[in-house]
Amino acid sequence: MATLAPLPPLPPQFKSIQHHLRTAQEHDKRDPVVAYYCRLYAMQTGMKIDSKTPECRKFLTKLMDQLEALKKQLGDNEAITQEIVGCAHLENYALKMFLYADNEDRAGRFHKNMIKSFYTASLLIDVITVFGELTDENVKHRKYARWKATYIHNCLKNGETPQAGPVGIEEDNDVEENEDVGATSLPSQPPQPPSSTYDPSNMPSSSYTGIQIPPGAHAPANTPAEVPHSTGVTSNTIQPTPQTIPAIDPALFSTVSQGDIRLTPEDFARAQKYCKYAGSALQYEDVSTAVQNLQKALKLLTTGRE
């Protein structure tokens with residue numbers, strides 16, 4: 001992919017999007033689709049913050065130039081030309097990164113790659129808002145990932161051993177911003193720009209005391225606990241998780257659409273979304289997610305219900 005023209009210095013008003021832009025830089029070669037949408041999110045957010053002062057207008061203009069250049073390079077990519085495909089791509093990527101960090105956390109393997117993965121997943125869930133309102137599950141993932149990133153970083157910084165998995169934590173949110181958090185380069189990748197770090201000012205203010213998330217409840221049932229090849233996350237201690245193919249409802253084999261079933265435009269849109277999710281899952285050779293989403297689409301189209 002051609003090198004993009006550099007951006008001018010980030011105006012102070014745009015501090016809240018600096019980590020999303022860094023994530024975009026890190027993914028320019030690793031996953032250009034992710035990089036594109038990170039910049040699009042930064043552009044949309046920046047326009048809402050300040051589009052009038054000269055330094056902000058200059059910055060946004062250069063960012064727009066980068067977006068146009070990327071869109072031209074990726075013009076034949078369905079994840080750019082079709083929002084449903086783009087949303088599925090970004091959501092799968094973010095959730096798989098979340099699950100990599102969550103698996104490491106539950107196994108008691110605490111390190112900078114894991115902290116960075118938690119926080120980067122939360123940033124990418126921010127980016128999903130370019131497609132519309134987040135699902136309740138994504139909101140919970142984002143909140144949990146940011147809390148975990150801060151909690152584990154604080155423990156390691158203070159020489160303490162974090163408690164693995166979801167535990168009751170009294171989060172005081174007095175963490176000072178540290179540019180070194182998560183700033184570890186990923187072994188299988190070429191040299192990267194400065195890594196994403198978390199900003200404690202963005203942390204939820206509510207207490208997490210008593211939070212108890214049972215194993216697997218942190219992610220949707222159709223989300224595979226695997227790391228996508230494209231994340232670049234590697235670990236000698238991680239072994240591929242065997243895939244479990246979900247049971248197929250025998251009734252679906254003989255189901256014929258009933259004559260009195262009238263599907264709404266929203267039904268067709270949801271069915272199309274399930275099919276796109278299935279296609280995105282197959283890019284990661286994730287049979288389980290593909291099968292489950294195709295079953296959902298088939299049930300919706302033949303019964304009018306999910």
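Visitor: Of the 306 residues of the chain, what percentage count as buried?

Guide: Buried means under 20% relative accessible area, exposed means over 50%, and partly exposed lies in between (1.4 Å probe, protein chains only). By that criterion, 48% of the 306 residues of the chain count as buried. This is a predicted model, in which local features need pLDDT of at least 70 and side-chain atom pairs count only at pLDDT 80 or more, while totals for chains, interfaces and linings use all residues. Residues are numbered from 1 along each chain as its sequence is written, and side-chain values use heavy atoms, with hydrogens and water left out.

Visitor: How many helices and strands does the chain have?

Guide: Helices (H or I, at least four residues) and strands (E, at least two) are DSSP runs, numbered from the N terminus. The chain has ten helices and zero strands. Read from the N terminus, its elements run α-α-α-α-α-α-α-α-α-α.

Visitor: What share of the contacts with a separation of 6 or more joins residues 24 or more positions apart?

Guide: Contact means heavy atoms within 4.5 Å. Residues 24 or more positions apart account for 75% of the contacts in the chain with a separation of 6 or more. Leaving out residues up to four places away in sequence, alanine 271 touches Ala297, Leu300 and Leu301. The C-alpha atoms of alanine 271 and lysine 299, which are 28 residues apart along the chain, are separated by 9.1 Å. Alanine 271 is buried, since its relative accessible area is 4%.

Visitor: How many aromatic pairs does a search of the whole structure find?

Guide: Rings of Phe, Tyr and Trp (its six-membered ring) pair if their centres lie within 6.5 Å; planes under 30 degrees apart count as stacked, over 60 as edge-to-face and the rest as tilted. The search of the whole structure finds eight aromatic pairs. In one of them, the ring centres of tyrosine 36 and tyrosine 37 are 5.1 Å apart and the planes stand at 80°, so the pair is edge-to-face. Tyrosine 36 counts as buried at 8% relative accessibility, and tyrosine 37 counts as buried at 3%.

Visitor: Which parts of the chain does the pair of phenylalanine 118 and tyrosine 144 link?

Guide: The ring centres of phenylalanine 118 and tyrosine 144 are 6.4 Å apart with planes at 85°, so this pair is also edge-to-face. It links distant parts of the chain: phenylalanine 118 is in helix H6 (residues 112–127) and tyrosine 144 in helix H7 (residues 136–157), 26 residues apart. Both phenylalanine 118 and tyrosine 144 are buried. One aromatic cluster is formed by Phe98, Phe118, Tyr144, Trp147 and Tyr151.

Visitor: With which residues is serine 122 in contact, leaving aside its neighbours within four places in sequence?

Guide: An α-helix has 3.6 residues a turn, so residues three or four places apart point the same way. Serine 122 lies in helix H6 and is in contact with Arg142, Ala145 and Arg146, apart from those sequence neighbours. Serine 122 is buried, with a relative accessible area of 0%.

Visitor: How many disulfides does the structure hold?

Guide: A disulfide is a covalent bond between the sulfur atoms of two cysteines. The criterion here is a pair of cysteine sulfur atoms within 2.5 Å, and the structure holds zero disulfides. Cysteine 38 is buried at a relative accessible area of 1%, and cysteine 56 counts as buried at 0%.
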